[in-house]
Amino acid sequence: RLGPVPYFAGARNMAVFQAAGEERPALYITTYAGSRGVGAKLLRTVNGEDFELLDFTGFAASQYHNFRPLVPFKGKLYTAPTGKGDSNNVCGEAVVLETADPLREPWRQVWHR
C-alpha cells in the first residue's frame, strides 16, 4: 500500500504462457489499479505460491492504468491497455501490445486504431 491508495486492487485477467527457453510455463496476471495508484503491474508465478511483480515496460506503458486481456498466441503474449488520464476504463484509442518474453523484453505496439 502506498499512502491511501492500494498498490493494486485486484486481478483483471490471467494467462498461462511459456517464453522460448523457459523450462516451464508461468501464470501471468494483470492487476487492476485505480487512477490514483501506481499503474498496472503484471504478476508472474511458476508455482502458484511465489509471485514476481513485473512492470509493463516499453511503448510508454506507464501512461495506462490497466491492461485487460492476456492472450498467448504463436509464441507471444498479447494485451490491450485501458485507463488513461482520470479514467480506469477508457484509453482513447484501441491499442494491442505484444512481447515474446514478459520477464525480459519490453512490450511493443503491434496495432492501434
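A polar contact, as used in these legends, is a pair of N or O atoms within 3.5 Å; within protein, one of the two must be able to donate a hydrogen and the other to accept it. With that in hand, welcome to a predicted model, seen in a few close-ups.

**View 1. Arg-44 and Glu-22 are joined through their side chains.** The polar contact between these two side chains spans 3.0 Å. Arg-44 belongs to strand β3, which covers residues 41-45.

**View 2. The side chain of Arg-44 also makes a polar contact with that of Tyr-28.** Here the distance is 2.8 Å. Arg-44 counts as buried because its relative accessible area is 7%, under the 20% cut-off.

**View 3. Arg-44 has neighbours from several parts of the sequence.** Setting aside residues up to four places away in sequence, Arg-44 touches Glu-22, Ala-26, Leu-27 and Tyr-28, along with Asp-50, Phe-51, Glu-52, Leu-54 and Leu-103.

**View 4. Asp-101 sits in a loop.** Look for Asp-101 between β7 (95-99) and β8 (108-112). Its side chain meets that of Arg-104 in a polar contact of 2.8 Å. Asp-101 is classed as buried because its relative accessible area of 7% falls under 20%.

View 5. For Gly-21 and Asp-101, 80 residues apart in sequence, the C-alpha to C-alpha distance is 9.7 Å.

Terms used:
Residues numbered from 1 in each chain as written. Predicted model: local features only at pLDDT ≥ 70, side-chain atom pairs only at ≥ 80, totals over all residues. Heavy atoms only, no water. Helix = DSSP H or I, 4+ residues; strand = E, 2+ residues; numbered from the N terminus. Buried < 20%, exposed > 50% of the residue type's maximum accessible area, 1.4 Å probe, protein only. Contact = heavy atoms within 4.5 Å.
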